[in-house]
Amino acid sequence: MDVTPSSEDREAPLYDPLIEFMARFEGARVINTGEDAFAGLSTDEALIKHIVDGIKKDLNLRLENALKERGPLSIVNDVLLEGMRQVGELFGSGKMQLPFVLQSAEVMKTAVAFLEPHMPKADVGQERGSILLATVAGDVHDIGKNLVDIIKQRVPRGQHRHQAADWRHLGGGP
């Protein structure tokens with residue numbers, strides 16, 4: 001049995017919806033209005049926008065400015081987590097798709113990594129109780145688990161009720 005297409009089949013034009021869709025934009029041009037999407041926003045609002053929109057460009061610059069106004073834990077707890085709360089609401093309402101949630105989480109991870117050296121190291125003291133912190137490696141929740149672990153390690157003694165607990169970190173990441 002010969003499975004080679006006949007010359008008649010090879011010459012017949014095929015309909016490709018992607019080609020037709022792209023043809024609609026053949027004459028389109030990209031126009032740069034030069035407007036800064038962050039113009040007029042406070043430092044906190046700009047950081048929230050970085051998280052919600054998943055934009056890493058100029059993130060470190062804005063984090064440096066935020067460090068002039070407040071401490072690193074305040075930036076994480078009061079500003080960046082507010083951005084992630086908004087992301088969660090958008091995802092929960094179906095207004096944001098999972099790939100964009102992951103992009104926002106990566107921006108959050110980048111921001112926390114930048115702030116981590118500025119965070120005070122928690123005192124190591126007497127341990128009581130245990131907390132197990134675990135996810136499946138690569139799971140969408142793995143980023144959140146790693147953020148909790150980083151923040152937990154940096155909370156100054158006396159400022160968190162779980163500070164003296166023995167934390168066990170399982171799953172992907174450090």
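This is a predicted model: local features need pLDDT of at least 70, side-chain atom pairs count only at pLDDT 80 or more; totals for chains, interfaces and linings use all residues.
Contact here means heavy atoms within 4.5 Å.

**Ser 104.** Begin by selecting Ser 104, which is located in helix α6, residues 98-115. Its relative accessibility is 0%, so Ser 104 counts as buried. Next, display the residues around it: apart from neighbours within four places in sequence, Ser 104 is in contact with Ile 51, Val 52, Gly 54, Met 84, Val 87 and Met 96.

**Leu 115.** Remain on α6 and move to Leu 115. Residues up to four places away in sequence not counted, Leu 115 touches Leu 63, Leu 67, Pro 72, Ile 75, Val 76 and Leu 80.

**The largest nonpolar core.** Now select the six residues that touch the most other members of this 22-residue core: Leu 47, Leu 63, Ile 75, Val 76, Leu 80 and Leu 115. Two or more residues of the core come from each of α3, α4, α5 and α6. The greatest contribution is that of α6, with seven residues.

**Helix α4.** Select Leu 59, Arg 62, Leu 63 and Ala 66, the buried residues of α4. Viewed down the axis of α4, these residues fall within an arc of 105° and therefore line one face of the helix. An α-helix has 3.6 residues a turn, so residues three or four places apart point the same way. The cover over the buried residues of α4 includes α3, α5 (72-92) and α6.

**Asp 58.** Finally, select Asp 58, in the loop between α3 (43-53) and α4 (59-69). Is Asp 58 buried or partly exposed? At 40% relative accessibility, Asp 58 counts as partly exposed. Its phi is near 65°, a positive value in a residue other than glycine.

Note on methods
Residues are numbered from 1 along each chain as its sequence is written. Side-chain values use heavy atoms; hydrogens and water are left out. Helices (H or I, at least four residues) and strands (E, at least two) are DSSP runs, numbered from the N terminus. Buried means under 20% relative accessible area, exposed over 50%, partly exposed in between (1.4 Å probe, protein chains only). The arc is that of the directions from the helix axis to the C-beta atoms. A nonpolar core is a set of buried Ala, Val, Leu, Ile, Met, Phe, Trp, Tyr and Cys residues joined through side-chain atoms within 4.5 Å.
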